[in-house]
Amino acid sequence: MKNYVSASILGADITHLADECKRLEENNVDMLHFDVMDGCFVNNISFGLPVLCALNKCTDMFMDVHLMINDPLKYIGEFVKAGSDMITFHLESQSDPKATISEIKKAGIKAGISIKPATPVEEVYKYLDIVDMVLIMTVEPGFGGQGFIHETLEKVEKLKKYITEKNIDIDIQVDGGINDKTAKLVRTAGANNLVSGSYLFSADSMADAVKSLK
C-alpha cells in the first residue's frame with residue numbers, strides 16, 4: 001500500500017491558514033487532516049463548516065475530514081458541500097455506523113471509521129467491506145500535542161493481519177503523537193496513512209519531516 005502523510009490542521013498557525021496550506025503543498029504533504037470537534041463527543045471545540053469552505057478556496061489539497069462529534073450522520077451532507085474528499089467518523093458516536101457510511105458513499109466521496117484507544121479493533125471488522133479507511137487513534141481524541149499511546153500498536157498489528165488474511169484493500173490511518181520515532185513503529189505495525197500536526201508544523205524543515213513520516 002502507498003504511504004500517505006496527512007497534516008493535522010490543529011498544528012497549523014490558524015492566523016495564516018492559506019499560507020500554511022501552500023507550505024504543505026510545497027513540501028509534498030498528501031492530505032489536510034481537518035479536525036472537527038463539537039465540545040460534546042470530545043472536550044474541545046475546534047473548526048467547522050465555514051473554515052473548511054474557506055480552506056477549499058485557497059487549496060486543492062485532499063480534504064481528510066475527521067468528525068469527532070456526537071451525531072455525524074446529521075452533518076454529512078453539509079460537510080460534503082463544504083469540500084470534504086473523505087469523511088471519517090467515530091464508531092463510538094451516536095450515529096448508526098452503516099447508515100453514516102452509506103450517506104458518505106452516496107455523496108461520492110471516501111468513508112473512514114475511527115476508534116478511540118480503549119475500543120477493541122475487532123469492533124470495526126464488520127464494516128471493513130464498506131469503508132475505505134480505518135483510523136486508529138493513538139491518543140485520546142480532543143487535543144493536539146499529546147503523547148503517543150504505545151498500547152495502540154497492537155490494534156494496528158491486529159487490523160493489518162486481519163485485512164491481509166481477508167484480502168481487504170483499505171488504508172490504516174493513525175493519529176496522535178506521530179513523529180519521526182513513532183512513525184517507524186506504526187509503519188512497522190501496518191499503518192500506511194500517518195496524521196501529524198505539531199511535529200510537521202514546528203519542524204525546522206517540513207520537507208525532511210515529511211520524508212521521515214513516509
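These entries record what I looked up in the structure.

**Basis.** I worked from a predicted model, in which local features need pLDDT of at least 70, side-chain atom pairs count only at pLDDT 80 or more, and totals for chains, interfaces and linings use all residues. Residues are numbered from 1 along each chain as its sequence is written, and side-chain values use heavy atoms, with hydrogens and water left out.

I looked up the strands (DSSP runs of E, at least two residues, numbered from the N terminus). Eight strands close into a barrel in the order 1-2-3-4-5-6-7-8, with parallel pairing. The twist from one strand to the next averages 25°. I then checked strand 1 (residues 4-8), which pairs with strand 2 in the parallel sense over three bridges; two strands pair if DSSP finds at least two bridges between them. Serine 8 stands opposite histidine 33 in strand 2.

**Helix 3 against helix 4.** Helices are DSSP runs of H or I, at least four residues. Helix 3 (residues 72-81) and helix 4 (residues 97-106) pack at an angle of about 5°, and their axes are 9 Å apart. Axes are lines fitted to C-alpha atoms, for helices over the stretch in contact, and angles run from 0 to 180 degrees between N-to-C directions. Helix 3 and helix 4 are therefore roughly parallel to each other, a term for angles under 35 degrees. The contact (heavy atoms within 4.5 Å) is made by Pro72, Leu73 and Ile76 of helix 3 and by Ala99, Thr100, Glu103 and Ile104 of helix 4. I sorted the residues of this contact into five nonpolar, one polar and one charged. Ala, Val, Leu, Ile, Met, Phe, Trp, Tyr, Cys and Pro count as nonpolar, Asp, Glu, Lys and Arg as charged, and the others, Gly among them, as polar.

**Two sides of helix 3.** I found Pro72, Ile76 and Phe79 buried in helix 3; buried means under 20% relative accessible area and exposed over 50%, with a 1.4 Å probe and protein chains only. They cover an arc of only 90° around the axis, which puts them on the same side of helix 3; the arc is that of the directions from the helix axis to the C-beta atoms. On the other side of helix 3, Lys74 and Lys81 are exposed. The cover over the buried residues of helix 3 includes strand 2 (31-37), helix 2 (49-58) and helix 4.

**Positive phi.** Just after helix 3, glycine 83 takes a positive phi of about 120°. Asparagine 28 has a positive phi of about 65° although it is not a glycine. I located asparagine 28 in the loop between helix 1 (17-26) and strand 2, where asparagine 28 is exposed, with a relative accessible area of 55%.

Notes. Angles under 35 degrees count as roughly parallel, over 145 as roughly antiparallel, 65 to 115 as roughly perpendicular and the rest as oblique.
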